[in-house]
Amino acid sequence: MLAASTMPTWDEIFREQGYFFLSPHPDMARIAALFRGHGVKRILDVGCGTGRHLVYLSRLGFQMDGLDSSSHALALSYRWLDEEGLSAGLREHLMERPFPYSDGLFDALISIQVIHHNLLKDIVFTVSEIERVLKPGAFVFITVPALRSKPENPEEDWQLRQVENGTYIPMQGPERGIPHHYFTENELCEVFGSFEILEISTDSTDHRCLLGSKRA
Ligand SMILES: C[S@@+](CC[C@H](N)C(=O)[O-])C[C@H]1O[C@@H](n2cnc3c(N)ncnc32)[C@H](O)[C@@H]1O
């Protein structure tokens, strides 16, 4: 196992790399149009990172909230929003702990490449919190990676070590030491089993995307 001192935290990753992603997820324009068409006003971004969707969706007029475990990512989000004359409610928070929001607060929730960074029991708790903070009928749009076959370039081989069924810890690479749960499509639908699943797809970067709505 890796020594704790050699494992980067998300804060260290953001301190080293700065802004992580700049353009929104390729499906976000379509998802935003769907949200708008259904009168969505307030959206929570779970694991908002350096703020690409906070900025994008705020610009479109949605009221945005974001939570993330990295204070540095949140500082970068604040800076970006401020530069654009926008604002959002941001909280430093671990998604495996009860969310700091009241029941049924949000009309929609997005979480892009985030919820898989845990053991399955913690992910199941996160999904229960996602459901709790949404209004009945509210939308959820989630993306998670699929397990790829071994990369041809050995430098991109993270040397994944399995720690439970479907969960791996990379022994090298930028996210070494950080758990990655790789969902099958069926498992993703099962974990979101209390939601109505509206769409399951794979995006251009091999991530599984789930669009659902909280049952009324
Ligand atoms: C790959 S980045 C994606 C960031 C953002 N969703 C985006 O699409 O730009 C993963 C994010 O998940 C956050 N994260 C990882 N584990 C977390 C946890 N346990 N609780 C809250 N946030 C977490 C990281 O800090 C990071 O911002």
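1. A polar backbone atom of Gly47 sits 2.6 Å from a nitrogen atom of the ligand. The model is predicted, and the distances in this note are to be read with that in mind. Gly47 is also listed with the closest residues around the ligand, together with Arg52, Asp68, Glu96 and Ile112.

2. For Ile112, a polar backbone atom is 2.8 Å from a nitrogen atom of the ligand. For Ser69, the separation between a backbone N or O atom and a ligand nitrogen atom is 3.2 Å. On its own the ligand has 590 Å² of accessible area, and the protein covers 97% of this.

3. The shell around the ligand holds 19 residues. By class, nine of them are nonpolar, seven polar and three charged. Two helices, α1 (10-17) and α3 (52-59), contribute at least two shell residues each.

4. A separate point concerns the strands β6, β7 and β8. These three strands make an open sheet, ordered β6-β7-β8, with antiparallel pairing. The edges are formed by β6 (160-164) and β8 (180-181), each of which pairs on one side only.

5. The pairing of β6 with β7 can be given in more detail. Strand β7 covers residues 167-170 and runs antiparallel to β6, to which four bridges join it.

Technical notes:
Residues are numbered from 1 along each chain as its sequence is written. This is a predicted model: local features need pLDDT of at least 70, side-chain atom pairs count only at pLDDT 80 or more; totals for chains, interfaces and linings use all residues. Side-chain values use heavy atoms; hydrogens and water are left out. Two strands pair if DSSP finds at least two bridges between them. A residue is near a molecule or strand if one of its heavy atoms lies within 4 Å of it. A polar contact is a pair of N or O atoms within 3.5 Å; within protein, one must be able to donate a hydrogen and the other to accept it, and residues adjacent in sequence count only if both atoms are side-chain atoms. Accessible areas come from the Shrake-Rupley method with a 1.4 Å probe; for residues, only the protein chains shown count as cover. Ala, Val, Leu, Ile, Met, Phe, Trp, Tyr, Cys and Pro count as nonpolar, Asp, Glu, Lys and Arg as charged, and the others, Gly among them, as polar.
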